[in-house]
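Hello,

Here is the structure I said I would pass on. My notes on it come after the model.

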Amino acid sequence: MSTESTAAVEVVRSVSVPLSQARTFELFTTRMTDFWPKEHSIGSSDIAEVVVEPHTGGRWFEHGVDGSECPWGRVAAWDPPRKVVLLWQIGANWQFDPDFETEVEVTFTEEAGGRTHVELAHRNLQRYGDATEQMRAIFDDPKGWTGTLAAFAELTIAETQR
Amino acid sequence: MAASVDTVLDALGDRTRRAILEKLVLGPAAVGVLADQLPVSRPAVSQHLRVLKEAELVVESVAGTRRLYRINQAGLVVVRGYFDRFWETTLDNFALLAATETEADNRKVRREQANRNRPDPGRTHHK
């Protein structure tokens, strides 16, 4: 099955924060290191820093604690303080693939009381469909991402019950 | 949030919904086409599709004015569930960070206000 004949698959999540639109945009794009789940390193070592270069065409990458640099994708649109579109170019084998693109669009909307609504849409996940079997093998590998998945699931449950 | 096992089992526990899935296995279809092939009304098919969608067993796409439904590939359910949980955690972390920043801002404002309201010690002394 070709990728584009498959229906678009996306994930949409949102959150409201007590900061102005400009501050929220700045926090999201410059402090990713501080809110990115630590377990989610693609590189050879733990994450020291997550960097989003502040312009269209900029790079999105992680610095490892061992000094290595591992690309994640690119900045497809830089429109402060309203919107940033990042291309997540991590393929089904959890390696950077310049020919693979999924899109993470983050929009920042002003709300009453100086708050900002952050909506994140991760689009074109159907593009993982072509490598579904490979993906499943990785998910099912006990040494692979299943542990991370389980940790995320626990976190999610903890958050829900709080 | 990815569909729970209960949601999926409930969705599959209905004969009409299973029939809809069997039709969709053959290829994507619109509500009207499904209704023509099944002994149920169009609104009933829509209702069943909604349940199947919530269980992430089918996905919907819009082509012009037409809505097409198709089987959600099992692997994609896993992928989608993974990213759904991932972004939920990440945005929760972000909200915590934002709340911390707001606290810090408020403390700074309060400190500045307190400093302004305090009488100048030098002046008070010479009064």
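Predicted model: local features only at pLDDT ≥ 70, side-chain atom pairs only at ≥ 80, totals over all residues.

Residues are numbered from 1 along each chain as its sequence is written, and chains are lettered from A and ligands numbered from 1 in the order in which they are written.

Chain A has an open, antiparallel sheet of seven strands, ordered β1-β7-β6-β5-β4-β3-β2. Strands (E, at least two residues) and helices (H or I, at least four) are DSSP runs, numbered from the N terminus; two strands pair if DSSP finds at least two bridges between them. The edges are β1 (11-17) and β2 (47-52) of chain A; each has a single partner strand, so one side of each has no neighbour in the sheet. From one strand to the next, the twist averages 20°.

β6 (102-110) of chain A pairs with β5 (83-88) of chain A through six antiparallel bridges. In that pairing, V85(A) faces E105(A) and W88(A) faces T102(A). β6(A) is also joined to β7(A), by eight bridges and again antiparallel, with T107(A) partnered by E119(A). Five residues separate β6(A) and β7(A) in a hairpin, and G113(A) in the turn has a positive phi of about 70°.

Axes are lines fitted to C-alpha atoms (for helices, over the stretch in contact), with angles from 0 to 180 degrees between N-to-C directions; contact means C-beta atoms, placed from the backbone, within 7 Å.

Regards
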